[in-house]
Amino acid sequence: MKTFALVLLLVAPATALLPDLLEKLWPEEEHGVFSGVAKIPYKDLLNDNSYVDPFLLQSMKTYGFFYVVDVPEYSAALEHDYMKQFYDLDEDVKDELAIRRHNPANKNAYRGYCPGLDDVENTLQYKNLYNIGPHETRGASVESEDVMEKLRYDCQEPNVWPETGNCTFDKGFKETFQAGFEIRRNIGRAFIRSIARAMNYPNLPALFAEDEFSAMGLRKYPIRRKINSNMYSDFDGTLLRELEHIDSTVTVLSTFNNGGLEILHKNQYRAVPVTGENSFIVNIGKLVDDLIDNKVPAVRHRVAEVDFDRYSITYFLGPQFDANIARSMSGKLTDAGQKYTIFGEWIKDYLGAIELFYY
């Protein structure tokens, strides 16, 4: 593997010849099963420096994920602190932001706060979620009776932000997570461009030209006081905080140095090492995997039970509403293509099949 990396460096830019950069992009596998996962510098990824493409692709093929590091003007600690402050707010303040399933006065079905702790005894989805999207305003309502046109409108739900009376907190919270959303969206789009170059799929980025339904979820997993049979893995009996699953689109994840995340690697769940505060984990889900001809795995993952309140942020970048998801980049019929043509059709059923706070 190192030999291949050294060969690649012969045609890479001069900056890539630095030994520390090579070690970051392609570390030696000496200290654990995931120690070889690539750590891609944020600026190089966003600036479309093509020398990162083979490292990123190989890391995805081997492990199913990679890290983005060295993110300028980003503070995970600040985000973490604001999340704690938000979830410490009085319930009546948070309820003002709750989606209409929990607060009929709120028109939003998705963007906003979702307690998600209705059934402590039986649920595995024991978490709170505050969901942020790309829209701050929305146009006039759609008069059409067409279901897809209505859904296109619904996908543009505007964000709702805390109004606590504390102007410093309200302003800081909004600005911090608006900036955090943009950083994650930049990563998701740059990742798509990198994969497109590495796989010679020039038409792939066009499917993600817009992101009407991209979503950033601020998650809190409170300490669980009770245990039930739904909390144990069917795979190996491990007590879980988050069930085993595969994502659907592009995921950019922040764990804030919290342990617990495990990825299925070579038929065994293994802990994913934390990489420092200002870094992200990137992986793809089944829908995107199908679009790129299943050449990169959509990894199955979970969160093992921990004995503390666990915070994380998940960002999902999906294709644009009208993106054709029926055919892969090579023209093969995708699994989604058995029933759907465009992403908007798929998302309609996807949201209907799951609880909104889980996506």
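The following legends describe close-up views of a predicted model. Local features require pLDDT of at least 70, side-chain atom pairs count only at pLDDT 80 or more, and totals for chains, interfaces and linings use all residues. Residues are numbered from 1 along each chain as its sequence is written, and side-chain values use heavy atoms, with hydrogens and water left out.

View 1. Strand S4 covers residues 128–132; strands (E, at least two residues) and helices (H or I, at least four) are DSSP runs, numbered from the N terminus. Because 5 of its 5 residues are buried, S4 is largely enclosed by the rest of the structure. Buried denotes under 20% relative accessible area, exposed over 50%, and partly exposed the range in between (1.4 Å probe, protein chains only). In a regular strand, side chains alternate between the two faces of the sheet. Here Asn 128, Tyr 130 and Ile 132 point one way from S4, while Leu 129 and Asn 131 point the other way. Two strands are taken to pair if DSSP finds at least two bridges between them. S4 pairs with S3 in the antiparallel sense over 3 bridges, and Tyr 130 in S4 is the bridge partner of Tyr 113. With strand S5 (residues 215–221), S4 pairs in the antiparallel sense over 5 bridges; Ile 132 stands opposite Met 216 in S5.

**View 2. Salt bridges of Arg 152.** A salt bridge is a side-chain nitrogen of Lys or Arg within 4 Å of a carboxyl oxygen of Asp or Glu. The structure holds 22 salt bridges. Arg 152 forms one with Glu 149, their closest N and O atoms being 3.7 Å apart. Arg 152 and Glu 149 are 3 residues apart in helix H7 (residues 147–154), and are therefore separated by about one helical turn. Arg 152 also forms a salt bridge with Asp 322, at 2.9 Å between the closest N and O atoms. Asp 322 lies in the loop between strand S12 (310–317) and helix H10 (343–353), so its pairing with Arg 152 in H7 ties together parts that are 170 residues apart in sequence. Arg 152 is partly exposed at 23% relative accessibility, as is Glu 149 at 33%; Asp 322 is partly exposed at 41%.

View 3. Glu 175 and Lys 171 meet through their side chains in a salt bridge (2.9 Å, N to O). Both residues lie in helix H8 (residues 167–199), 4 residues apart, or about one turn of the helix. Glu 175 is partly exposed, with a relative accessible area of 41%.

**View 4. A salt-bridge network.** Asp 48, Asp 53, Arg 193 and Arg 197 are linked in a network of salt bridges.

**View 5. Two residues with positive phi.** Most residues other than glycine have a negative phi. Phe 256 has a positive phi, near 55°, and lies in the loop between strand S7 (250–254) and strand S8 (261–265). Phe 256 is buried, with a relative accessible area of 9%. Asn 294 has a positive phi of about 55° and is placed in the loop between helix H9 (286–291) and strand S11 (300–304). Asn 294 is partly exposed, with a relative accessible area of 47%.
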